[in-house]
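Let's take a friendly walk through this model together. We will look at its aromatic rings, and then at one of its helices.

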Amino acid sequence: MTAAAPPMSTKALLTDVTTVRLRPRYEGSNICTWIGFKHVNYLVEEAVLVHFADSGAPARRLYEEHGLGLDIVALETRILHAFHMDDVAEAEVVPDTEDDDRTLGFRVTLRVERDGSVLKAVAAKVRVSLRADTYLPEAGEPPAEFAPFVVDRLGAEARPGELAPVRMVLADGDEAAVLASLTAGRNAYAWKWNIPYPYCHFTERLQMSGYLRLLEEAKDRFVLDRGISIKTLLDDRKWIPVVPQSSVRVIDEAVMEEDLYSVYTVEEIFKDLTYTARMDCFVVRDGALTLTATGRITHGYAVIDSRSDWRLVPFDRRVLDALGGEQSGT
């Protein structure tokens, strides 16, 4: 006979440190054997999920017993050393939640062994909301200790004065008009996309990993539009994009099969070595654009020296012109 699971508590979740060994997925190795930023962030997400499970509050139990969806609503990551295929990361999750916080906070460090030394490869900050499920009949009341972190809608946890849902009224709701309004006067690229179910979770809403995939696609679409696509620079000079920093924050919910408008805007080019871009995602509701997420990513370029080595290179004039030039289309 299986013993009943003990009641859930936030004590371990908010105080214990979790250490787990993780391996990046094979899918994330797109160029030579280096792992892309998206899959590095997946390691961070996986470490947080293991922390919940080891603390007695796994994501499955939260949902099935209490109707709470575990949603990562903010993720900020600095990559200090690249991961390779077959690397094993040691992930440390440290709780970082203040008494008056409405989201559960964690600091995640990924370490990797290089030539006999253990290096700090990634430093990340994560915020988690527990979203009350409304798709299925009402579930039982969550444990009282979890109540401060439960929301009826993602974004509802924002304090007064923090970034909150933003709505901009549209004069015309057709696709061309929306794209024009989003890119007017900006060094930007925008496109419309219908949210498919593989990007969603808990039956209906776009999840953090979906936004990470969009952030990666936004870069790909932007440089293609500017004539310096990923393959173009690979074939011309063996240059690859590298990402030292990224962040995404969920502001409001985006739902399966809604049309999502994503805007990728170059904000700053720093000393010909890196550039920072912002991604904003909107849906159209009741004739207005509603911001659902915002993110930032810092990119540089590296030249492939061999199958195992690369080095950073400064932007040349062609790349600088493309990054700073006028948009050629949406």
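Two rings of Phe, Tyr or Trp (for Trp, the six-membered ring) count as a pair if their centres lie within 6.5 Å, and planes over 60 degrees apart make the pair edge-to-face. In this predicted model, the structure holds nine such aromatic pairs.

Start with Trp193 and Tyr199, an edge-to-face pair with 4.8 Å centre to centre and 65° between the planes. Trp193 is buried at a relative accessible area of 13%, and Tyr199 is buried too, at 14%. Tyr199 also has a charge over its ring: the charged end of Arg213 sits 3.7 Å from the ring centre.

Now move on to Tyr301 and Phe315. Their ring centres are 6.0 Å apart and their planes meet at 80°, so this pair is edge-to-face. Tyr301 belongs to strand 16, while Phe315 sits in the loop between strand 17 (310-313) and helix 7, so the pair ties together parts that are 14 residues apart in sequence. Tyr301 is buried, with 2% relative accessibility, and Phe315 is buried at 5%. Ring pairs also link these two with Trp239 and Tyr275 into a cluster. Over the face of Trp239 lies Arg237, at 4.7 Å from the ring centre.

In general, an α-helix has 3.6 residues a turn, so residues three or four places apart point the same way.

Terms used. Residues numbered from 1 in each chain as written. Predicted model: local features only at pLDDT ≥ 70, side-chain atom pairs only at ≥ 80, totals over all residues. Heavy atoms only, no water. Phe/Tyr/Trp six-rings, centres within 6.5 Å; stacked < 30°, edge-to-face > 60°. Buried < 20%, exposed > 50% of the residue type's maximum accessible area, 1.4 Å probe, protein only. Helix = DSSP H or I, 4+ residues; strand = E, 2+ residues; numbered from the N terminus. Lys NZ or Arg CZ within 6 Å of the ring centre and 35° of its normal.
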